[in-house]
Amino acid sequence: MAANKDPLASINPYVSLKEGPGLGQVYQKLPARNARFLRYKGKEQSPESSEELLVFEFETHAVSDVKSQYSALSYTWGHPILNDFKDDFAHAVICNGQRMPIGVNLNDALQHIYVETDIAPPLFWIDAICINQSDLKERAEQVTLMTSIYSNTANVVVWLGKDDSDAHEAHALLSEYTPALREIAKDLLSGNLEGSIAPGMINMYDDAALHERYHLTPKSMDSWKALVRFLSRRWFSRIWIVQEMVFNGSHLICCGPLRFRWHDLDGFVSFVFGAQWHGLNFHGLERETSEIARVFTFHREIRLSASEYLSDDPRFSLLSDEGKMYDFAQSYLLSSAFLEATDPRDRVFALSAFVNAYAGKLGLVPIWLRADYTLKTTEVMLRTAQVLVWKTRSLDMLSYVSDLSCRAESDLPSWMPHFHIPGAVASVESLLDMHQGRKYHAGSLSLSVHTPSDIYLHMDTPGQELEALGYLLDTVEEVIHFDSGLISLLEVCLTLPPKYANGQPPVEVLWRTLIGGRTDAAFPAPPSTADDFAQFIQAGLIGISLEALETNGRATLLRLITALSQIEAHCPHPSIPTVDQFNALLSSALADLGACAAALAALHANCAYRTLVSPTHWGRPGRAVFRSRRAGYLGLAPHSTRAGDGVWLFKGANLFHVLRGGGDGGGDAGEKVLVGEAYVHGFMEGEALRLDGVGFSPVTIA
């Protein structure tokens with residue numbers, strides 16, 4: 001590959017378009033810290049069609065010299081809504097006398113700004129036109145200048161695309177509800193609101209009292225779904241818009257003739273969404289609502305980091321300034337992996353502005369890869385991952401590697417998350433990102449003492465292996481997938497010793513393991529969580545029994561009764577009903593099936609017990625429960641874990657890790673492949689370090 005060639009040139013449509021005859025003369029070499037700007041000159045009849053082309057001339061200025069004298073456009077290169085749209089670039093503008101092809105969405109934006117409205121700025125900066133996309137050196141230099149371009153612009157004109165019925169429904173809903181939310185916020189601050197209303201838990205859909213108090217008109221489910229589709233437009237999930245919005249506070253958001261304010265959109269999402277849309281059930285759009293909440297939460301967090309980055313990890317305060325800087329970089333690189341980028345290398349390049357800004361506040365100069373579009377995607381990602389692992393001296397990055405069953409084939413090492421592929425980073429599923437997950441410290445004796453991991457990166461070998469000091473706690477004997485059913489999970493109790501390593505009985509070990517030992521509010525989980533687990537079990541058993549009776553599943557009922565009988569005999573626990581108690585529950589349910597169905601639905605919706613184990617997570621495999629071979633430890637591991645895999649503890653790591661290969665599955669000898677992170681019950685607060693015979697030795701992960 002020649003040094004001056006872009007290995008991903010084919011994914012950037014403007015590269016080939018600007019290599020055409022005549023356009024090379026339009027783009028003259030830019031002086032340092034300068035950018036091109038467009039000045040509108042009118043319209044010209046196209047010789048090839050009946051279309052009138054907009055005419056511009058380039059002006060070159062030092063960005064600081066034209067501060068507040070220009071506007072910048074924020075938009076999507078492709079279709080504003082459709083992901084698989086093929087643009088033929090049939091539209092064009094005239095720049096410095098030359099015809100320049102542009103995409104349909106950019107054409108719509110320019111027609112709206114210069115023809116349909118009076119919002120045209122005197123000077124305009126548009127990346128696709130003002131940067132010579134075929135000049136790799138210029139592209140890289142302009143990327144490093146992006147922060148300055150957006151910081152110095154008078155305002156950012158956001159183009160969401162043409163308006164449609166969803167946009168009009170969304171605009172009407174937001175126009176009515178946003179003022180009411182401001183009043184609700186005031187009442188929350190003053191304590192005037194009754195009940196349990198709080199930010200993130202405001203039911204704007206069907207709370208009749210709320211609608212009456214704030215004079216709101218209830219909206220139909222169709223209106224709410226239109227809002228979801230509107231907020232799912234592609235612009236919202238672009239990685240570049242983060243700095244376009246953060247580094248300038250003046251935004252004009254346009255969707256055709258409709259106008260929106262970022263502050264209103266963000267306020268609505270933060271109050272009404274919370275972790276989910278409270279009170280609404282969007283069948284078929286659940287993933288979209290979750291993604292919308294993630295997008296706005298990420299924007300909010302990175303905007304706050306412009307003033308001060310505050311990690312939720314209690315160990316953060318123990319880090320040096322340099323450690324905090326790289327912790328910040330790693331956190332935002334991984335948490336932004338769900339955002340979209342036309343060029344996957346921009347996942348690193350687009351965040352450089354925030355890394356440099358945070359480093360500047362600390363008086364540091366970060367080691368961060370400068371934009372270089374001659375590099376392959378894997379080179380950019382690997383170099384970045386190596387810097388972060390080396391500088392943080394932490395193995396937290398390994399928690400974001402996706403399950404083997406959905407990990408794309410790659411020449412990247414198994415320890416590295418594929419953060420260049422949308423959705424391939426396990427940020428939502430990671431144990432570390434669960435509530436209370438930052439309180440795990442399996443590889444150190446205390447949260448109050450910083451214990452860096454001993455890491456060696458094999459940067460001179462083809463495999464780019466990672467070497468760390470590890471200890472093989474045990475190997476996996478049995479794996480129980482959650483989709484195998486509740487009875488399978490209950491039967492696990494019968495395989496555990498009467499007293500676990502920490503003295504707890506088998507049923508308690510199970511219920512604590514299924515929630516990773518924590519609740520949303522506490523780690524370790526309080527004993528009262530067992531009552532919630534009991535409700536969870538009762539609902540599950542009744543549901544299984546009713547289905548078995550309906551389908552003549554005698555074998556299932558016999559297996560269930562056998563499991564309850566054996567638990568009653570060998571490891572009884574108040575959370576698990578005896579056979580007699582179960583029979584009474586089932587008889588009561590059968591006596592009034594309607595009431596039973598309603599009770600089960602209410603229990604499912606309101607039960608405080610939530611497992612971390614699920615069959616899937618947005619179509620991806622969930623976790624599995626495992627039991628270890630030698631000591632009978634119970635834990636959570638990736639879905640792809642299998643018997644013989646090793647459960648390893650690395651020095652200073654917060655979690656355990658499942659490794660495969662070398663020796664007996666994941667045993668001591670040879671290079672290993674990372675399967676993923678793991679929770680081992682009873683050993684998440686450094687307990688393994690106190691076991692007899694514990695000793696760390698070098699472990700290589702390929």
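User: Is the crossing of α18 and α20 left-handed or right-handed?

Analyst: This is a predicted model: local features need pLDDT of at least 70 and side-chain atom pairs 80 or more, while totals for chains, interfaces and linings use all residues. Numbering starts from 1 along each chain as its sequence is written, and side-chain values use heavy atoms, without hydrogens or water. Helices are DSSP runs (H or I, at least four residues; strands are E, at least two), numbered from the N terminus. With clockwise meaning right-handed and anticlockwise by less than a right angle left-handed, near helix against far, the crossing of α18 and α20 is right-handed.

User: How is α18 placed against α20, roughly perpendicular or oblique?

Analyst: Helix α18 and helix α20 (residues 579-591) pack at about 60°, axes 10 Å apart. Axes are fitted to C-alpha atoms over the stretch in contact, and N-to-C angles run from 0 to 180 degrees. Under 35 degrees is roughly parallel, over 145 roughly antiparallel, 65 to 115 roughly perpendicular, the rest oblique. So α18 and α20 are oblique.

User: Which residues of α17 meet α18?

Analyst: Helix α17 (residues 506-514) packs against α18 (residues 529-550) at about 85°, so the two are roughly perpendicular. On the α18 side, T529, A530 and F533 take part (heavy atoms within 4.5 Å). From α17 come V507, L510, W511 and L514.
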